[in-house]
Amino acid sequence: MEVRFQPGNIAVSEGAIVAGLKFFAGYPITPVNEIFEYLSQELPKYGGIIYQAEDEIAAINAIIGASWAGVKAMTATSGPGYSLMAEGIGYAIMVEAPIVIVYSMRAGPSTGVATGTGQGDVIQSKWASHGHYELIVLAPNSVQECFDLTIEAFNLAEKYRVPVIVLIDAVLSHMSEKYVWKSPSEVKLITRKKPAVPPEQYKPFRPDPEDLVPPMACYGEGYAVLAESLSHDERGYYDPSKETYAKLVERLTMKIIKNKKNIVISETYMTSDANTLFIAFGSVSRVVHAIVRELRSEGIRAGLFRPITLWPIDDEGLRKVASKAEKVIVVEMNYGQLYREIMNILRDKNVLLAPVIGPDPPSIDDVYSSIGEIL
């Protein structure tokens, strides 16, 4: 272990290298350019390849191809770039390509304030593509978690053969603080399951009945494999029948839902007796954490629930900590994207929204001005 002092973008890059990243493709965009620049210098030292694509469409498809070629692959982008990746994300879900996308939110809509921050991409991070599916979104709130959760993102992608999003924001991208760097021998690393049957018996999309995830043979390993974006059977062959399509979409969904208890992560702070429960994620949760301490000093029994996996969210953990709360306040830098999900989970609770809107990092005063009337 080694203590380092770096911004979040570099911690993400270091986490990816430790996790075994071997192919990075991207297109320059604020606020993740430092990831591209750092990996361009460092990844080749570990036998990795950097590819500057002509656009984000090419970048997402390049990492899908690299994943199917057998290596751990990643891209990094922000809102406008992620919008362009939407079709590729759907393709990755359909062919079950384990990939990681680092997504640093900035102020929108459109190009918004390119150097500003925001949290307006919560829904897009999951539902950018069309059709019904599940993927995994992790939301760090510190440089340490930028490092740790990038490693976790690769593990989850490899284990469940699904795109995993590391959802940070411009504050975390550029904020520097201490974090503990760990070597590959000091962390748990997961690689995708491989076939246990000979090539003549292998079907690329026949799932393991225990976790619904198919073992993955890659190109060049002696197996016949297809990466078909259309509705396909277990062989990978196009099949538009109702039975095949329904079975496929159900499995793509249930392989995450069924394993949710092994995926979700959350954190609580002073929630054991809280009658006012705050919910916040990412960089905003750091501000709310400080406010909870201040409110406690004033005799208000406040607490904080921080979802670390936004998709899927730890709904069981949330219901447990909210059971004694008279008031639930969701603080986020948008007009209620996570709030909608919380309302759906806590239907019997008084759930209120405290939006903090602006391209600058939110201060304690900014958050207080939003929650003042509610309190």
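User: What should I keep in mind about numbering and confidence before reading the values?
Analyst: Residues are numbered from 1 along each chain as its sequence is written, and side-chain values use heavy atoms, with hydrogens and water left out. The model is predicted, local features need pLDDT of at least 70, side-chain atom pairs count only at pLDDT 80 or more, and totals for chains, interfaces and linings use all residues.

User: Why is Arg306 called buried?
Analyst: Buried means under 20% relative accessible area, exposed over 50%, and partly exposed in between, with a 1.4 Å probe and protein chains only; Arg306 has a relative accessible area of 1%, so Arg306 is buried. Arg306 lies in strand β11 (residues 302-307), where strands (E, at least two residues) and helices (H or I, at least four) are DSSP runs numbered from the N terminus.

User: What makes the link between Arg306 and Glu145 a polar contact?
Analyst: A polar contact is a pair of N or O atoms within 3.5 Å, and within protein one must be able to donate a hydrogen and the other to accept it, while residues adjacent in sequence count only if both atoms are side-chain atoms. The side chains of Arg306 and Glu145 are joined by such a contact, at 2.7 Å.

User: Why is the pair of Tyr82 and Tyr103 called stacked, whereas Trp127 and Tyr133 are called tilted?
Analyst: Rings of Phe, Tyr and Trp (its six-membered ring) pair if their centres lie within 6.5 Å, and planes under 30 degrees apart count as stacked, over 60 as edge-to-face and the rest as tilted. The rings of Tyr82 and Tyr103 have centres 4.3 Å apart and planes at 25°, so this pair is stacked; the pair links helix α4 (residues 79-84) with strand β5 (residues 100-105). The rings of Trp127 and Tyr133 have centres 5.3 Å apart and planes at 55°, so that pair is tilted.

User: How do you know whether Trp127 and Tyr133 are buried or partly exposed?
Analyst: On the accessibility scale already given, Trp127, at 32%, counts as partly exposed, whereas Tyr133, at 3%, counts as buried.

User: What makes Arg4 a charge over the ring of Trp181?
Analyst: A charge sits over a ring if NZ of Lys or CZ of Arg is within 6 Å of the ring centre and within 35 degrees of the ring normal. Arg4 lies over the face of Trp181, at 4.4 Å from the ring centre.
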